[in-house]
Amino acid sequence: MAMREQPCPYRIIDDFGGAFSMGCFAGCIFYFLKGMSFAPKKERFFGGIQLLKRRAPILGGSFALWGGLFSITDCTLMHLRNQQDFINPIVAGAFTGGFLAIRAGTRIAMRNAIFGGIILGFIQLAEIGMLKMQMREEMRRMQQQQQQQMAEMQEMMEMQTNRANKKQQPKVEKY
């Protein structure tokens, strides 16, 4: 459903980088605040910076792994199925969730796969809902523009008929 600007090979690389930067940004905020809360009173800022430097890149790498694996799976499904619809991201989310948890065992991997599929299903439903709302709004705007253009055309036609009627009437001069 989503319109992607880039073809798949470039989108995978772009998603790796985007997910890494998003994870690093979230990690900076989270670990800075966590480091500040656990540091002694006089060293709160330094403690926040220290934990941020140590842990934020790790979270960024985890985000990049998830985002990259999701993109690879989504692009593979798009290539195999020759279509891009709401099923590809759901299956890609389920596969990614299961694959990343496979080291913990098949039971946990299956649970994470189901959870990943459900989460991506909700995201796809929200995306479809937003798309429908946008299309309704666009149709409403188009109808308003059409009505406005029709009103303008009618005014122009009335003006032309009024001009034509004035030209056809003979001038009567009063004496």
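Reader: Which helix gives the largest share of the nonpolar patch?
Author: H3 does, with 3 residues of the patch. This is a predicted model.

Reader: Which residues form that patch?
Author: Leu65, Trp66, Phe95, Phe99 and Leu100 form it on the surface. Together they have about 470 Å² of accessible area.

Reader: And which helices each supply at least two residues?
Author: Helix H2, residues 44-81, and helix H3, residues 87-100.

Reader: Take Phe99. Where does it lie?
Author: Phe99 lies in helix H3.

Reader: Why is Phe99 called partly exposed?
Author: Because its relative accessible area is 46%, and partly exposed covers the range between under 20% for buried and over 50% for exposed.

Reader: Switching to annotations. Which residues does UniProt mark as "transmembrane region"?
Author: The unreviewed UniProt entry gives that annotation to residues 12-33, 58-79, 86-106 and 112-131.

Reader: What does the chain look like over 86-106?
Author: Residues 86-106 are 71% helix and 0% strand.

Reader: Which residues does UniProt list as "coiled-coil region"?
Author: Residues 128-163, again from an unreviewed entry. In the model, the 128-163 span is 100% helix and 0% strand, and its end C-alpha atoms lie 52 Å apart.

Reader: Back to the start of the chain. How many residues has helix H1, and what span does it reach?
Author: Helix H1 runs over residues 8-38, which is 31 residues. From first C-alpha to last it reaches 43 Å, close to the 45 Å expected at 1.5 Å a residue.

Reader: Which residues of H1 are buried?
Author: Cys8, Arg11, Ile12, Ala19, Gly23, Cys24, Gly27, Tyr31, Phe32 and Gly35.

Reader: What do the buried residues of H1 pack against?
Author: They pack against H2.

Reader: One more residue, Ile123. Which helix is it in?
Author: Ile123 is in helix H4, residues 106-168.

Reader: Why does Ile123 count as partly exposed?
Author: Because its relative accessible area is 44%, which falls between the buried limit of under 20% and the exposed limit of over 50%.

Reader: How far apart are Ile123 and Ser62?
Author: In sequence, Ile123 and Ser62 are 61 residues apart. In space, the C-alpha to C-alpha distance is 20 Å.

Notes
Residues numbered from 1 in each chain as written. Predicted model: local features only at pLDDT ≥ 70, side-chain atom pairs only at ≥ 80, totals over all residues. Heavy atoms only, no water. Patch = residues over 30% accessible without salt bridge, like charges linked within 9 Å, V, L, I, M, F, W, Y side chains within 5 Å. Areas by Shrake-Rupley, 256 points an atom, 1.4 Å probe, with all protein chains shown as cover. Salt bridge = Lys/Arg side-chain N within 4 Å of Asp/Glu carboxyl O. Helix = DSSP H or I, 4+ residues; strand = E, 2+ residues; numbered from the N terminus. Buried < 20%, exposed > 50% of the residue type's maximum accessible area, 1.4 Å probe, protein only. UniProt positions renumbered as here; feature names shortened; annotations may be inferred. Expected span 1.5 Å × (residues − 1). Contact = heavy atoms within 4.5 Å.
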